[in-house]
Amino acid sequence: MKLLNIIALSMFAASAGAQNVKIIVNNDEKVQRQEVVEVSAQQLYEKLGISYGSPVIVKNALGQQVGYQLTHDSLLLVDASVRPCGKAEFTVEKGTPREPKVFVTGRQYPERVDDIAWENDRTAYRIYGPALQRNKERAFGVDVWVKNTPDLEVEKRYNTELSNHHAIEKLKKEGKTQEALDMEEATTYHFDHGYGLDCYKVGPTLGGGAPALMDNGQLVLPYCYKDYQILDNGPLRFTVRVDYNPTAIGKDKNVVEHRIISLDKGSNYNRCTVWYDGLTQKRDLAAGVVVHLEDLENIVLTSNMALYADPTDNPTKHNFQIYVGVIFPEGIDYTRFLSTDQDIQNGNPGHLVGVKENTLGQPFTYYFGSAWSKNDVRTFDEWKLRSEQTLDALHAPMNVTISVEQ
């Protein structure tokens, strides 16, 4: 009798493990959708009848293997293209997948004063770390690095820039100024060598999308992050948690800011969840972008987004724009143009911000992003449309289900 039970259980386990499991993505909207979608990995593995985290193969409707990702919060990610009012199906089976193409990645760069930089197939970002703060350089917000290639660029830019720094300084000390300038021009990531560059000005501002609490109408900007943990690192999503040094805000002397930032393949926008420890009284929370030149034709403020066409750090010589913005799918109390004492001191007209009033530091989620006029978003009107479509997609996510076929 026990032998029969063992045989029956073995047959059940074999049958469970051989099930044909499908991921079905339904698009109920009348527009084409191309997005990274999420599936409960726990449910998927249970339906497959195999242990969680075991290697699997994901195939599209043509039978081709496609890349996927298991995240730190137990999600399986797949990049789905779905026609208007249509559906896409993916088959999942046990097996060893091919090495996927990496579209999203990032890391800390201790060799460059502890920057954390990350990128996807559209653009790149960085935030500043403890080493820069020790140097007393004032750079608080989110930096934007533009690119016009889907290939990963950040690692190469850092390597090229940093590997030539000592040689450039040596040439300068030897009086070979022109040779030093020629080498710097050929290697610095502040020049475009055909794939993009860093020409966005941050300084002591929110930059391209950072959050900050407010005190008497002023932004209380955190300096650089203190600790970090990379939670996901491609191929489809990058996620990092950063924690900041305690800051004094009014009577609260030890307010600590925390952020979790994530970026997906194909997206112009990062997701950012921010919360605070140490608040004993309610504060307004702002998130936004710095305005370098006040130009009403290049500013959009609506009830749930703030967009800006940034002229770069050298408008007349670059002759292109960097589009930046913040959107608030969960809602915001108001958006506005905010000019503070800090802005005036730093020579900036102000910030475009969304403000959440009277928070005690509870988690708040918003999105910040960018695009480049020399890449896939050529005009500010296109950036408005891209941002509106992103907001619409966040309000109407595609429906993802798991189907089991015996």
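**View 1. Aromatic pairs in the predicted model.** Aromatic pairs in this protein number 17. Rings of Phe, Tyr and Trp (its six-membered ring) pair if their centres lie within 6.5 Å. Planes under 30 degrees apart count as stacked, over 60 as edge-to-face, and the rest as tilted. Tyr225 and Tyr228 form an edge-to-face pair, 6.0 Å centre to centre with 75 degrees between the planes. Tyr225 is buried, at 1% relative accessibility. Buried means under 20% relative accessible area, exposed over 50%, and partly exposed in between (1.4 Å probe, protein chains only). Tyr228 is partly exposed, at 34%. This is a predicted model, in which local features need pLDDT of at least 70 and side-chain atom pairs count only at pLDDT 80 or more, while totals for chains, interfaces and linings use all residues. Residues are numbered from 1 along each chain as its sequence is written, and side-chain values use heavy atoms, leaving out hydrogens and water.

**View 2. Tyr269 and Trp383, a stacked pair.** The ring centres of Tyr269 and Trp383 are 5.3 Å apart and their planes are at 5 degrees, so the pair is stacked. Tyr269 lies in strand β18 (residues 269-277) and Trp383 in helix α9 (residues 380-395), so the pair ties together parts that are 114 residues apart in sequence. Helices (H or I, at least four residues) and strands (E, at least two) are DSSP runs, numbered from the N terminus. Tyr269 is buried at 3% relative accessibility. Trp383 is buried too, at 0%.

View 3. Ring pairs link Trp118, Tyr125, Phe238, Phe328, Phe364, Tyr366 and Phe368 into a cluster. The largest nonpolar core has 68 residues. Such a core is a set of buried Ala, Val, Leu, Ile, Met, Phe, Trp, Tyr and Cys residues joined through side-chain atoms within 4.5 Å. Which residues have the most contacts inside this core? They are Trp118, Ile127, Leu219, Tyr366 and Phe368. Strand β19 (residues 283-291) gives the most to this core, with 6 residues. A second, separate core of 22 residues includes Val21, Val25, Tyr45 and Ala88.

**View 4. The surroundings of Leu219.** Contact means heavy atoms within 4.5 Å. Residues up to four places away in sequence are not counted here. Among the residues that Leu219 touches are Leu206, Leu213, Met214 and Leu338. Leu219 also touches Thr340, Gln342 and His351.

**View 5. The buried side of helix α4.** In helix α4 (residues 154-163), Val154, Arg157 and Tyr158 are buried. They cover an arc of only 95 degrees around the axis, which puts them on the same side of α4. The arc is that of the directions from the helix axis to the C-beta atoms. What covers these buried residues includes β7 (105-109), β8 (115-119), β9 (123-127), β10 (143-147) and β11 (196-197).

**View 6. Arg112 in a loop.** Arg112 sits in the loop between β7 and β8. Is Arg112 buried or exposed? Arg112 is buried, with a relative accessible area of 17%. Not counting residues up to four places away in sequence, Arg112 touches Arg126, Tyr128, Leu132, Tyr158, Leu162 and Tyr189.

**View 7. The whole protein.** The secondary structure comes to 9 helices and 26 strands. Along its principal axes the C-alpha trace spans about 85 × 55 × 40 Å. Buried residues make up 50% of the 406 residues.
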